[in-house]
Amino acid sequence: MPSILMILTSARTWSLRDGGQRPTGFWGEEFVVPHRLLTEAGVNVTIATPGGLVPVADEFSLVPETNGGDVEKVADLRAYLERVAHLLEKPARLEDIDPADFDGVLIPGGHGPMQDLAVNPDVARVLATLLPDESKVVAALCHGQASFFSAGNPDGNWLFKGRKLTAFTDEEETQTGLAANALWLLEERLRGGGAEFTSGPAWGSYVVVDGNLVTGQNPASGEAAAKAILKELADRA
């Protein structure tokens, strides 16, 4: 049975340019869809957060307005979160995790990772162990790729320089109305760091697989990203 470490943000607010704090957390769909697909496929998923703090879903991710007006989808997301509440309430401490125990890592988004995972030394430790090992899989969704900024390689360069990837685009962030007040924009910073960034149409499913690196552009990419993770795990089994 393959095993995946799922790192969730434990941030509950996101610091903005004007000094404000916006309520945040992980994005519901980006956790629910991959977690359900992976566990149903027989993958052993371990949830971990910085400090073992209880993660929370961004309430904005659990309303019809951010889910295409689909009330049934929102009800499904909330019901799944309730079913796995016992897992979310007792996450592993990221500080105690040995990445060698896992076949891969998946980091869902929400704006929370921009607050804590982007500067977390234990995220850096996990990524620096798994990404250079082609037998392992590294995956992230949407704003989860903010976690990549934590990680350098032994020669002092950014670990993801030159890697092909995608993430939540500046266009999408602008359409949310949050770009102007963000301290930094994810696509702009990924490009500036030397990643080979590509994207699909705003809000559509788009996934990039570059060797053992799997990235999804936005919440709609969760299913395709999870299926890509399963394929990469199978290819490396």
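The model described here is a predicted one.

**Helix α1 and its two partners**

- On the α1 side, the contact with α2 is made by Glu29, Phe31, Val32, His35, Arg36 and Thr39, while α2 brings Lys73, Asp76, Leu77, Tyr80, Leu81 and Arg83 to it.
- Sorted by class, the residues in this contact of α1 with α2 are 5 nonpolar, 2 polar and 5 charged.
- Helix α1 also packs with helix α8 (residues 222-236), at an angle of about 35° and with the two axes 8 Å apart; the crossing of α1 and α8 is right-handed.
- Val33, Pro34, Leu37 and Leu38 of α1 meet Gly222, Glu223, Ala226, Ile229 and Leu230 of α8 in this second contact, which by class has 7 nonpolar, 1 polar and 1 charged residues.

**Helix α5**

- Helix α5 covers residues 121-130, and its buried residues are Asp122, Val123, Ala124, Val126, Leu127 and Leu130.
- An α-helix has 3.6 residues a turn, so residues three or four places apart point the same way.
- The N-terminal end of α5 is capped by Asn120, a side-chain oxygen of which lies 2.8 Å from the backbone nitrogen of Asp122.

**Nonpolar cores**

- In soluble globular proteins, nonpolar side chains tend to be buried together.
- The largest nonpolar core in this model has 43 residues, and those touching the most other members are Ile7, Val105, Leu127, Phe148, Phe160 and Leu190.
- At least two residues of this core come from each of β1, β6, α5, β7 and α7 (186-193), and the largest share, 5 residues, is supplied by α5.
- Apart from this core lies another one of 24 residues, which includes Leu62, Leu77, Leu106 and Val137.
- When residues up to four places away in sequence are not counted, Leu190 touches Gln145, Phe149, Trp158, Leu165, Ala167, Ala195 and Phe197.

**Arg163**

- Arg163 is located in the loop between β7 and β8 (164-165).
- Because its relative accessible area is 16%, Arg163 counts as buried, the cut-off for that being under 20%.
- The side chain of Arg163 is joined to that of Asn212 by a polar contact of 3.2 Å.
- Leaving aside neighbours within four places in sequence, the residues in contact with Arg163 are Leu131, Ala195, Glu196, Asp210, Gly211, Asn212 and Leu213.

**Asn44**

- Asn44 belongs to strand β4 (residues 44-49).
- With a relative accessible area of 39%, Asn44 is partly exposed, since that description applies between the 20% limit for buried and the 50% limit for exposed.
- Beyond its neighbours within four places in sequence, Asn44 is in contact with Met1, Pro2, Ser3 and Ile4.
- Asn44 and Ala11 are separated by 33 residues in sequence and, from C-alpha to C-alpha, by 25 Å in space.

Note on methods: Residues numbered from 1 in each chain as written. Predicted model: local features only at pLDDT ≥ 70, side-chain atom pairs only at ≥ 80, totals over all residues. Heavy atoms only, no water. Buried < 20%, exposed > 50% of the residue type's maximum accessible area, 1.4 Å probe, protein only. Helix = DSSP H or I, 4+ residues; strand = E, 2+ residues; numbered from the N terminus. Polar contact = N/O pair within 3.5 Å; in protein donor to acceptor, adjacent residues only side chain to side chain. Contact = heavy atoms within 4.5 Å. Nonpolar A, V, L, I, M, F, W, Y, C, P; charged D, E, K, R; others polar. Core = buried A, V, L, I, M, F, W, Y, C linked by side-chain atoms within 4.5 Å. Axes fitted to C-alpha atoms, helices over the stretch in contact; angles between N-to-C directions. Left-handed = near helix turned anticlockwise from the far one by under 90°.
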